[in-house]
Amino acid sequence: MSAFLSISNVVTAYGKIQALKGVTLGAEKGRVTCLLGPNGAGKTTLMMTISGVLKPQAGSIQFLGKRIDGASPSRIVRSGMALVPENRLVFKDMTVLENLDAGAITRTDRSKVMENRERLLQRFPRLRERARQEAGTLSGGEQQMLAIARALMSNPTLLLMDEPSVGLAPLVVQEIFGVIAELKKDGVSIFLVEQNVNMALKVADHFYLMEHGRVVFDGAPDAIAENEAISRAYLGARREAS
Ligand code: ATP
């Protein structure tokens, strides 16, 4: 198992209901790791557990050689990991700039934070155009870009992204995957929950499939197309739809 991010036998429950029933998986430095799975499989629960929002009942999570399970979300951000949550979840009544600043709340090096914000506004020019607008007035795609940029304000080594393309128009989805490819080129490691396998295949180096709180498949991109059940559920359906 990789020493970069290593998740071992993690169990997370909501009351008596176990959403993660002993999940073991890993992500490698500089790579895009993609997690697939149907609704209710536990993907969001896993992302929230890795980022410290939920505490696992059992198992361990190591990041860069240190155990982080049980640590607070802010400590986990400081250790070099940031989450782009499901459904974007930007602060809708705050401006674009205020949202970005909120992403740097764990950082104390103000001048570097401002440099970082400037770089992000260059990378996402539409955010610069809308810098003083309330985030709630942005389109869905712009809000997703803002959610990504906000997470990047902490300068993460590992970016967790929970279904960034869901509910967005095909052109915007392509833009988001373009951003993911650029981040990968810049050396940011990415752990991505995604249902759009055709798009994920363009950037991902490794895939996991979760069902009912367990990892049921683990393989390289080639293995996805060769796996009949996965291609029927994900690739076949997409091809028919397009
Ligand atoms: P989706 O693609 O729909 O987001 P998911 O794979 O991310 O699905 P989770 O949201 O992690 O799945 O849900 C896993 C299981 O945990 C589901 O059975 C769900 O009903 C349950 N669950 C999720 N959130 C809660 C909660 N706050 N309280 C109780 N049960 C929950």
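Start at the ligand and select Thr45: an N or O atom in its side chain is 2.5 Å from an oxygen atom of the ligand. This is a predicted model, where local features need pLDDT of at least 70, side-chain atom pairs count only at pLDDT 80 or more, and totals for chains, interfaces and linings use all residues. Residues are numbered from 1 along each chain as its sequence is written, and side-chain values use heavy atoms, with hydrogens and water left out.

Next, select Glu86. An N or O atom of its side chain is 2.9 Å from an oxygen atom of the ligand. At Gly40, pick the backbone instead: an N or O atom there lies 2.8 Å from a ligand oxygen. The ligand alone exposes 630 Å², and the protein buries 60% of that (Shrake-Rupley areas, 1.4 Å probe).

Helices are DSSP runs of H or I, at least four residues, and strands are runs of E, at least two, numbered from the N terminus.

Move to the sheet. Six strands form an open, mixed sheet in the order S6-S7-S8-S3-S9-S10; strands pair if DSSP finds at least two bridges between them.

Zoom in on S7 (residues 158–162) and S8 (residues 189–193). They run parallel, joined by five bridges. Select Leu158, then its bridge partner in S8, Ser189.

Notes
Polar contact = N/O pair within 3.5 Å; in protein donor to acceptor, adjacent residues only side chain to side chain.
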